[in-house]
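Subject: Model for you to look at

Hello,

Here is the model I promised. Please open it alongside this note. My findings follow below.

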Amino acid sequence: MFARIARRYDFLNTVMTGGAHHRWRHDAVKMARPVEGLALDVATGTGDFAFDLARSSSEAHVVGLDVVPEMLTLANLKALRRRMSQRVTWVHGDAQALPFADDMFQVITSGFALRNVSDLPRTLSEMCRVATPGGRVALLEITPVQGPRLFQAFFRSYFRHVTPRLGALLAGDREAYAYLPSSVEQFPPADALAELMRAAGFQDVSYKLRGMGTVAIHTGTKPS
Ligand SMILES: C[S@@+](CC[C@H](N)C(=O)[O-])C[C@H]1O[C@@H](n2cnc3c(N)ncnc32)[C@H](O)[C@@H]1O
């Protein structure tokens, strides 16, 4: 599915979030803390989080990992256009079995990806394993909307009815964008995701909501 939508992914993201996805990644990078060494962006897609991490410090080198080669090809083209190829390395791999040694990365990010893995606890444990002691993680993801019922109903209706139509119209792929609402509805609410992060080994876990409560940025630290 991600191979099919790769070429339209950035455009659709911008339309569906009104451009706010850029700001949310900047916020997440700030919350993770500036990077001075190796950083990892899990399920990097077309690489936007990896570029933000690389820009956060002149000392940073970023690895962007994704399981879909088409996404990595686009990320690489963006890196060439932005003259950032020296600062980022693209790795083909699975978030649930990260192809890295323990204790490697000072900062780990992930954007709009956790809904897509089949084993979320294992993915979080893998992130904790490859983080350095004291390393930080920042996870940006759509979150099931909490709050008044009417508010929840409005967003559920937007995701169920508007998103697939936009996907059909702008990406020619209704199915891929019909998957989005069901993946959000099945994803753990923000408090439950924070618990899963603690169970995976992170401490000082907290989160901030963005986009009128439709998006959460969770952060945590691997114990020293
Ligand atoms: C919605 S896109 C998000 C891309 C990017 N992180 C962003 O912030 O826009 C989800 C990405 O997760 C990747 N993905 C899905 N399952 C994965 C897995 N098990 N391991 C690594 N990447 C995965 C997809 O290929 C896709 O690029």
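Helices (H or I, at least four residues) and strands (E, at least two) are DSSP runs, numbered from the N terminus. This is a predicted model: local features need pLDDT of at least 70, side-chain atom pairs count only at pLDDT 80 or more, and totals for chains, interfaces and linings use all residues. Residue numbers start from 1 along each chain as its sequence is written.

Two loop residues

Asp103 sits in the loop between β3 and β4. Its phi is near 60°, a positive value in a residue other than glycine. Burial is counted from C-beta atoms placed from the backbone: buried means 20 or more others within 10 Å of a residue's own, exposed means 12 or fewer, and partly exposed lies in between. Asp103 has 14 other C-beta atoms within 10 Å, so it is partly exposed.

Phe112 lies in the loop between β4 and α5 (120-130). Its phi is also positive, near 50°. Phe112 is buried, because 22 other C-beta atoms lie within 10 Å.

The sheet

Seven strands form an open sheet, ordered β3-β2-β1-β4-β5-β7-β6, with mixed pairing. Two strands pair if DSSP finds at least two bridges between them. β3 and β6 (203-210) are at the edges with a single partner strand each, so one side of each has no neighbour in the sheet. From one strand to the next, the twist averages 15°. β1 and β2 run parallel and are joined by five bridges. Ala39 stands opposite Val62 in β2.

Helix α3

Seven of the eight residues of α3 are buried, so this helix is largely enclosed by the rest of the structure. Those buried are Asp48, Phe49, Ala50, Phe51, Asp52, Leu53 and Ala54. They pack against α2 (20-32), β1 (38-42), β2 (61-66), β3 (88-92) and β4 (105-111). Contact here means C-beta atoms, placed from the backbone, within 7 Å.

The ligand shell

How many residues surround the ligand? There are 19, and the closest are Ala43, Gly45, Val68, Ala95 and Gly111. A residue counts as near if its C-beta atom, placed from the backbone, lies within 6 Å of the molecule. α1 (2-17) and α3 (48-55) each supply at least two shell residues. By class, the shell has ten nonpolar, six polar and three charged residues. Nonpolar covers Ala, Val, Leu, Ile, Met, Phe, Trp, Tyr, Cys and Pro; charged covers Asp, Glu, Lys and Arg; the others, Gly among them, are polar.

Best wishes

Note on methods
Contact = placed C-beta atoms within 7 Å. Axes fitted to C-alpha atoms, helices over the stretch in contact; angles between N-to-C directions.
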